[in-house]
Amino acid sequence: MDEPHELYFGAVSPPVIQTSLFVQKNYQAYCDDMLHEAERFIYSRGLNPTVQMVEQKLAKLERGEACRCFASGMGAISAVLMANLNARDHIILVNNVYGPAMALVRQMAEKYGITYDVVLDGNLDSIARKITPDTRMIYAESPGTMTMNVVDLAAIARLARARNITTAIDNTWATPLFQKPLTLGFDIVIHSCTKYLGGHSDLIAGAVITSQQRMAAIRDFSHQLLGAVLSPFAAWLLLRGLRTLPVRMPRHQENALRVIEYLATRPEVENIRHPCMATPEQQAIIHQQMSGFSGLFSFEIRGGHFATVKRFIDACRIFKVGCSWGGYESLIISPNRGYNEAGLAADHIAPGLIRLSVGQESPALLTDDLDTAFAAIAGMHKGEA
Ligand SMILES: Cc1ncc(COP(=O)(O)O)c(C=O)c1O
């Protein structure tokens, strides 16, 4: 996307317009601007040039009409849910959606009287069966970032459109480089830009991309009034990150595939969950809606339990222990914290599940690191700490 270099003395790197306020040349100009608050630079909670530049790029990447950025991915998720759901409305959550997003829906159910259903398998018939006259939104994550299950986005969008139900998706895993849900009929795309879009583990940001009409409601209510907007400096870091997105993503993909090839040779490993390992049925869906894969995936240690995952994770040196993903560095984590196995079972998550975020290091370094971790758990039995 062209950048307005001429506005900034030809600076090739866009400046951080680090200001809360824009002063007007006289009072009449201020009064006129207030009539067009959504498009004018008045106050940075509304619009800021650095933030606007990144919003325009994200809208273009996702093939959407409008984008607004938020102070975090959760800021973006809550903005979408709160702008679209009223008391007694019903939402269907499809796939293992991000835990805090699920927690927010539960809180909204308790506090504001919305109702919800979760469809873990993402199957179209299962979703259709959950639709009620009050259903206002279908919210999906695909691939789901813990189990990597993929759902048929075009089919879900058709089902929802026919019933006037809004569709929203968290597209953080695939990035717009590898999946463009608006082109498949989804209404709203959400990102945690904290992950691959920023790409360097140095910012927290979120984004919502949709039509102008839908964005007007999100802007007026949840962007302006809830106020969790992106700061100019975080927007600048995000602009810098976006410049290398097309270089970084293929490298994440390539490294992840090499690590998966290695894991597939290990007798201790089962159920590698990455779209490249999907069933033929899932492959058909992937083929129609994705053009590439990122580096976040999970696998199970056969018969694994808390002590196994703890020892495995602690034996790694290159993979760092951390719950985020999408940056340069490779990361390792398990949803099993030792005190939550009952909850994991309810979500169909195996106690031996390990999640890797494969970064940009050399794949040989990464597989050597995992070799050491497998050696560390050799001969472990259930209950051994
Ligand atoms: C899939 C997914 N969506 C949304 C979020 C929330 O993003 P943020 O941490 O920027 O609020 C995360 C964070 O881990 C995530 O993994």
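Student: Which residues come nearest the ligand?
Tutor: Gly 73, Met 74, Asp 170, Thr 194 and Lys 195 come nearest, out of 13 residues around the ligand. Around means a heavy atom within 4 Å. This is a predicted model: local features need pLDDT of at least 70, side-chain atom pairs need 80 or more, and totals for chains, interfaces and linings use all residues. Numbering runs from 1 along each chain as its sequence is written, and side-chain values use heavy atoms, leaving out hydrogens and water.

Student: What lies 2.8 Å from a ligand oxygen?
Tutor: An N or O atom in the side chain of Lys 195 does. A polar backbone atom of Gly 73 is also 2.8 Å from an oxygen atom of the ligand.

Student: And how far is Tyr 98?
Tutor: A polar side-chain atom of Tyr 98 is 3.4 Å from a ligand oxygen.

Student: Switching topic. How is the chain divided?
Tutor: Into domain 1 (13-243) and domain 2 (245-377). The bounds come from an automatic or database domain assignment. The domain centres, taken over C-alpha atoms, are 27 Å apart.

Student: How many residues touch across the two domains?
Tutor: 33 residues of domain 1 contact 36 of domain 2, with contact meaning heavy atoms within 4.5 Å.

Student: What area do they bury?
Tutor: About 2,900 Å², with 61% of it on carbon and sulfur atoms. That is accessible area (1.4 Å probe) lost on putting the two parts together, summed over both.

Methods: A polar contact is a pair of N or O atoms within 3.5 Å; within protein, one must be able to donate a hydrogen and the other to accept it, and residues adjacent in sequence count only if both atoms are side-chain atoms.
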